[in-house]
Amino acid sequence: MEPEISIDDRKIGKNYQPMVIAEIGINHDGDFEKAKKMVFDANQQGAECVKFQCHIIEDEMIENDVIPSNASESIWNIMKRCALTLEQDIELKKITEELGMIYLNTPFSRSAARRLKSMNISAYKIGSGECNNAPLIEEIASYGKPVILSTGMNTLEDIEQSVSILENAEITYALLHVTSMYPTPYNNVRLGCLQQIKEKFPNAVIGLSDHSIGNYTCFAAVPLGASILEKHFTSDKKWPGPDIALSIDPKELGDLISGSKAIFQAMGGTKTILKEENETAKFAYASVVSIKNIEKGEDLTLENIWVKRPGTGEILAPNFNKVINKKSTQMIPKNTQLEWNMIE
């Protein structure tokens, strides 16, 4: 059986259309009203799932002046400003679920994980930076909920330790291929990694967390086995924030949802003639017809027979060579679809 995970009764795996995660993350920039707007805007586009980030800064990092490549201020300042309170997280979860969507959140510390546990969230999304954070993964795995694990900045061997923790805890899990560049140039997306991850970890649901511009690579990932598609999302690309530049807006989110669904529906199948194609065949096929008046006993040649639409005749174009150079058994008027009894 193909591996699958279930979040709030939404089954995710190869046999189901991909689930799109609208990664709101910290695109609210600490503004709670913006956070709520993005939930509503994602819902308007038919999103099934929105995801936030849970930052309890004192338990997450020591004060530092490290500046991310996609920002102009320290990671400490960014996360401190963008951290939401417990009450705000609870309110966002309530709004999301009242709209019929799945609420996900990524904890970046043990305190954050425990906050989310107290909120009784249905599954945990672990970011790439924590993919090799064995203590945190062990903490989260002990909660017994499904885990979606991003794998950027980690080799297959690195991921193996984390997968062992998840499997020892006997929880279902998904692995998302990620390139941790913001934004990611297309030549560094490396969609071939999806197959590598699938082969190395056959019990995992596979997905793509994509940081490239637009939806192209997510669309391409679907026939390669991606059952989860995660993209950063914003209501307005003019808002400030380090992840805004690589985020999709509401129109693009709607396109990703409908497009990935269409691609999933188009996959598979075998090369047979569908019964629904038979109606088209009636006019699209060609039948053998007379192109001149043909006398009884006359030879059928390229000068007096050929193939023309529609395909409603008794002798179709593939059988033309079975007719050529035979004799007619009767007079055949011009533009008549030939029948076998007309041929000697």
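Visitor: In which helix is the place of Tyr-216?
Guide: This is a predicted model: local features need pLDDT of at least 70, side-chain atom pairs count only at pLDDT 80 or more, and totals for chains, interfaces and linings use all residues. Residues are numbered from 1 along each chain as its sequence is written, and side-chain values use heavy atoms, with hydrogens and water left out. Helices (H or I, at least four residues) and strands (E, at least two) are DSSP runs, numbered from the N terminus. The run of residues 216-221 holds Tyr-216 and is helix α9.

Visitor: Does Tyr-216 count as buried or exposed?
Guide: Buried means under 20% relative accessible area, exposed over 50%, and partly exposed in between (1.4 Å probe, protein chains only). The relative accessibility of Tyr-216 is 60%, so this residue counts as exposed.

Visitor: How are the planes of Trp-306 and Phe-320 arranged in their aromatic pair?
Guide: Rings of Phe, Tyr and Trp (its six-membered ring) pair if their centres lie within 6.5 Å; planes under 30 degrees apart are stacked, over 60 edge-to-face, the rest tilted. By this rule there are 4 aromatic pairs. For Trp-306 and Phe-320, the centres are 5.5 Å apart and the planes make 75°, which is edge-to-face.
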